[in-house]
Amino acid sequence: MEGLRRRQLHVLRRAGLAWWRLQGGQDREGRAVRRSPAASGARPLTSTVSAQARRALAAGLPDFPWDRLEPAKAAAAKHPDGLVDLSIGTPVDPVPAVIRAALADASDAPGYPLTAGTPGLREAIRGWVARWCEPSGDGFGVLPTIGSKELVAWLPTLLGIGPGDTVVIPRVCYPTYEVGVQLSGATVVRADSLTSVGPARVRLVWVNSPSNPTGRVLPPAHLRKVVDWARERGAIVASDECYLPLSWESSPVSILSVCDGSFDNVLAVHSLSKRSNLAGYRAGFVAGDPALVDELLQVRKHSGMIVPAPVQAAMVAALGDEAHVEEQRERYARRRVVLRTAFERAGFTVEHSEAGLYLWLTRGEDSWSTVDWLAERGILAAPGAFYGPAGERHVRVALTASDERVAAAAARL
Ligand SMILES: Cc1ncc(COP(=O)(O)O)c(C=O)c1O
């Protein structure tokens, strides 16, 4: 217990390091920072001066990818029959009635919610994990999150990972893994095979199956190897499994099913955004190593990262109902067949796309050229370049458009 408390304190200190050092007039490496007169209070702080005196987080981040798609979107919107937006995977179908009712019933919520989640929510998450993830034991911890993007973006920081540490992410992946590493000040390495990582001090490995954007599913043996590799090196594996309920041609498994009875060093990240059309509610959770989950809880309690009470109630209803999930899955399955057939007829090659919410397509050319070709037909797709240099010859097409818009896209191709 004492050891656990020390570990928690260590994490809190590491997470707060940059702040403490800057308060004390030191930079991230502990060197003295030359304070301008403004920073020492002699005259009002201007943004230029303050940007020099601190490490502006925003300055280290890439352009927000979707902003770069605006010109193609404007071009596609000129189509006489309107835009078919297959770029961002944002759900368009209704929030199931059972979930909306639970949210409404819980709307009289004057008090602060529990960061750890209500007992009912914790139970609902545990039950869902037991049914869907086939965990190798019941000693896993659970914690609700405000959607999963915030957890992905802050996980390295919350775990006390920082400068000098390395985080491994897939070669082609959801951009927020890299953003999270940049926010923490650690170094990112893109690799699908851990043998290519070299001697770097790896603290965290991200895996994502089914993958966004490729739809690739990692076999259980691969996941097991990653867990073994990480445990041998004292690294943590974070497995983003937010598309687990959406499988088409293969059956994805959770990392929690390959842990050999112990959840040490392993975290599974889940989201209700796509499973239950709840992207607007911001509802997700993390499950796995109970000590790590507890560390996350301690930091999140201190920093106010709390899922709102009505959303917690909505999550209980969502996790307890599979009928709406099946209905939504069938919608996506139908749209997937229409789009896949149309893109293949138009000369595209579909790669991976075995599961998840996207088709990963190529015409054998630069991804921005394909984006332009589609925009001329009023269709907006995401360039593979958004997901890493290895995606530069692909585009990602989301299944999240109405049946009518999907039919329109197919007719135009
Ligand atoms: C792989 C992956 N992880 C996490 C997220 C974040 O989802 P949310 O924040 O809605 O839970 C997304 C969203 O598209 C995603 O594709």
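The crossing of helices H6 and H11 is left-handed, a term that applies when the near helix is turned anticlockwise from the far one by less than a right angle, right-handed denoting the clockwise case. The model is predicted; local features require pLDDT of at least 70, side-chain atom pairs count only at pLDDT 80 or more, and totals for chains, interfaces and linings use all residues. Residues are numbered from 1 along each chain as its sequence is written. Helices (H or I, at least four residues) and strands (E, at least two) are DSSP runs, numbered from the N terminus.

The axes of H6 (residues 119-132) and H11 (residues 309-319) come within 9 Å and cross at roughly 30°; axes are lines fitted to C-alpha atoms, for helices over the stretch in contact, and angles run from 0 to 180 degrees between N-to-C directions. H6 and H11 are therefore roughly parallel to each other (angles under 35 degrees count as roughly parallel, over 145 as roughly antiparallel, 65 to 115 as roughly perpendicular and the rest as oblique). Gly-120, Leu-121, Ala-124, Ile-125 and Trp-128 of H6 meet Gln-312, Met-315, Val-316 and Leu-319 of H11, contact requiring C-beta atoms, placed from the backbone, within 7 Å. The residues of this contact comprise seven nonpolar, two polar and no charged. In this classification Ala, Val, Leu, Ile, Met, Phe, Trp, Tyr, Cys and Pro count as nonpolar, Asp, Glu, Lys and Arg as charged, and the others, Gly among them, as polar.

Helix H5 (residues 97-105) also packs against H11, with axes that come within 8 Å and cross at roughly 150°. H5 is therefore roughly antiparallel to H11, and the crossing is right-handed. On the H5 side the contact is made by Val-98, Ile-99, Ala-102, Leu-103 and Asp-105, and on the H11 side by Pro-310, Ala-313, Ala-314, Val-316, Ala-317 and Ala-318. These residues divide into 10 nonpolar, no polar and one charged.

A further helix pair is formed by H7 (residues 149-158) and H8 (residues 176-184), whose axes come within 7 Å and cross at roughly 35°. The crossing is right-handed. Nine nonpolar, four polar and one charged residue make up the contact of H7 with H8.

Seven strands form an open sheet of mixed pairing in the order E2-E8-E7-E6-E5-E3-E4; two strands pair if DSSP finds at least two bridges between them. Strands E2 (141-145) and E4 (187-190) stand at the edges with a single partner strand each, so one side of each is left without a neighbour in the sheet. Neighbouring strands are turned by 20° against each other on average, direction ignored. Strand E3 (residues 166-169) runs parallel to E4 and is joined to it by four bridges, and Ile-169 has Arg-190 of E4 as its bridge partner. Helix H9 (residues 220-233) lies across strands E5 (202-208), E6 (236-240) and E7 (266-271), at about 170° to E5.

A second open sheet contains four strands with antiparallel pairing, in the order E9-E10-E13-E12. Its edge strands, E9 (349-351) and E12 (382-383), each pair on one side only. Three bridges join E9 to the antiparallel strand E10 (residues 358-362), with Thr-362 of E10 as the bridge partner of Thr-349. Helix H12 (residues 323-345) lies across E9, E10 and E13 (395-398), at about 5° to E10.

The ligand is surrounded by 14 residues, the closest being Gly-147, Ser-148, Lys-149, Ser-271 and Ser-273; a residue is near a molecule or strand if its C-beta atom, placed from the backbone, lies within 6 Å of it. This shell has four nonpolar, eight polar and two charged residues.

Key: Contact = placed C-beta atoms within 7 Å.
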